[in-house]
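Please read the points below alongside the coordinates.

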Amino acid sequence: MRGQSRAKLATQLDLSVGSPDADVQRLRDHVREQTRNVPGVYLMRGVHGDVLYVGKSTQVRTRLLSYFRLPWPEHRHARLLRETARIEWEPMPSEFAALLREVRLIRAHLPKYNIKAARPLDKWWVITVAGGPAPRLRIQRASAAARAKQAAQVIGPFASRRPLVEALRVLNDALGLRDCTDRVPMVLHDAVDLFDDMVHPSLERTPGCHRYETRRCLGPCVGATTEYVYRAQLARARAVLEGRDDSPHQHLVREMSAASAALSYERAGWLRDRLTALQELDGQLARVREAITKPSFVYAMPGRDGDDRLYLVRHGRVVAEARCSEPESVTALQAMEQRGTQVPTGALVDQLDELLMIESWFRTRPNDAALKGDTVVGALEALVRDRRYAELLT
């Protein structure tokens with residue numbers, strides 16, 4: 001009996017001196033007492049306040065309590081709980097609102113416990129323009145581009161890196177752009193002109209690859225081109241990727257025809273493969289451009305406890321929202337709707353995850369097209385069919 005009392009006392013002490021089990025027990029009690037089964041998002045924070053995980057659910061209380069039943073240490077969410085010092089949650093009026101909030105929170109914090117399936121930018125590749133005196137086209141994970149100091153204009157997204165590598169190689173060869181790493185020093189001819197009385201060291205260098213010697217690179221590493229000429233070719237590359245220039249394609253077609261006429265079938269086949277790589281890249285980019293340049297629409301989403309909302313969607317992302325129960329909020333949304341915007345030629349990387357989320361939402365819910373309107377009034381009319389906002393239409 002005395003041994004059992006000592007064991008019980010030891011357990012109580014263990015649960016009161018900051019042990020991992022005691023912390024998990026306190027978190028469980030807090031979730032049980034404070035949360036409700038409503039749509040929402042939740043954040044798990046570490047001891048220093050850093051966000052470890054962001055999640056969303058249509059029933060937040062049930063989802064959070066399910067974590068406490070997971071086996072430890074086998075399950076990663078059970079391990080997550082032992083690192084969590086505080087759980088926060090925000091109720092949302094609908095699943096769409098919760099998903100939108102989750103995407104924005106993950107973008108802001110990039111939590112380490114959010115796996116790739118819950119961090120959309122980790123799954124995709126983009127093309128960006130590197131800095132320096134002779135910028136190059138670079139393939140990056142979208143998440144890496146998002147962590148850059150400045151929000152970059154990106155081309156993409158792409159599901160696979162491999163076809164991008166071949167397509168950019170063809171484009172670089174066609175326009176003479178470099179594809180070497182940033183470790184290779186660049187000295188453009190503009191800098192060489194400053195040394196008229198002496199031989200500039202870059203002119204005595206050997207190119208780091210054979211592309212300059214085979215006329216597939218302008219040679220910015222050996223002062224063989226000026227900044228103006230190089231950036232003009234870089235601008236052409238952007239025009240190709242944005243669908244405004246197809247001269248590299250036409251050049252390959254002409255070379256392929258000439259090779260076939262000369263019975264050089266091996267070269268013609270090689271050129272055909274390079275043309276195919278560019279055409280496949282064009283196909284992917286066309287789908288991206290279609291999503292980005294879609295006209296504006298207003299999405300009406302019925303919400304919990306009558307908290308119905310209108311979302312103004314422009315070029316693949318939500319730019320504003322309004323509560324249908326607040327006439328002033330609806331009026332403000334109408335004013336924003338009437339402002340003109342310039343159609344973008346590419347997506348900003350910090351908006352890419354939202355674009356992907358919205359595209360997936362409507363692709364998997366075709367019936368929700370009935371809740372979309374060209375205008376705020378049109379979206380309200382969709383709600384009036386089963387809701388109570390007729391007075392907002394007058």
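1. Of the 394 residues of the chain, 43% count as buried, where buried means under 20% relative accessible area, exposed over 50% and partly exposed in between, with a 1.4 Å probe and protein chains only. This is a predicted model, in which local features need pLDDT of at least 70 and side-chain atom pairs count only at pLDDT 80 or more, while totals for chains, interfaces and linings use all residues. Residues are numbered from 1 along each chain as its sequence is written, and side-chain values use heavy atoms, with hydrogens and water left out.

2. The chain averages a pLDDT (the predictor's confidence in each residue, from 0 to 100) of 81, and 80% of the residues score at least 70. Over residues 5-18, however, pLDDT stays under 50.

3. The structure holds 26 salt bridges, each being a side-chain nitrogen of Lys or Arg within 4 Å of a carboxyl oxygen of Asp or Glu. One of them joins Lys112 and Glu83 at 3.3 Å, N to O; Lys112 lies in the loop between α5 (95-109) and β4 (125-129) and Glu83 in helix α4 (residues 76-83), so the pair ties together parts that are 29 residues apart in sequence. Lys112 is exposed, at 57% relative accessible area, whereas Glu83 is partly exposed at 33%.

4. Arg211 and Asp173 also form a salt bridge, with their closest N and O atoms 3.0 Å apart, and both residues are buried.

5. The side chains of Glu326 and Arg323 meet in a salt bridge at 3.8 Å, N to O. Elsewhere, salt bridges with shared partners join Asp173, Asp179, Arg211, Arg216 and Arg274 into one network.

Notes: Contact = heavy atoms within 4.5 Å. Helix = DSSP H or I, 4+ residues; strand = E, 2+ residues; numbered from the N terminus.
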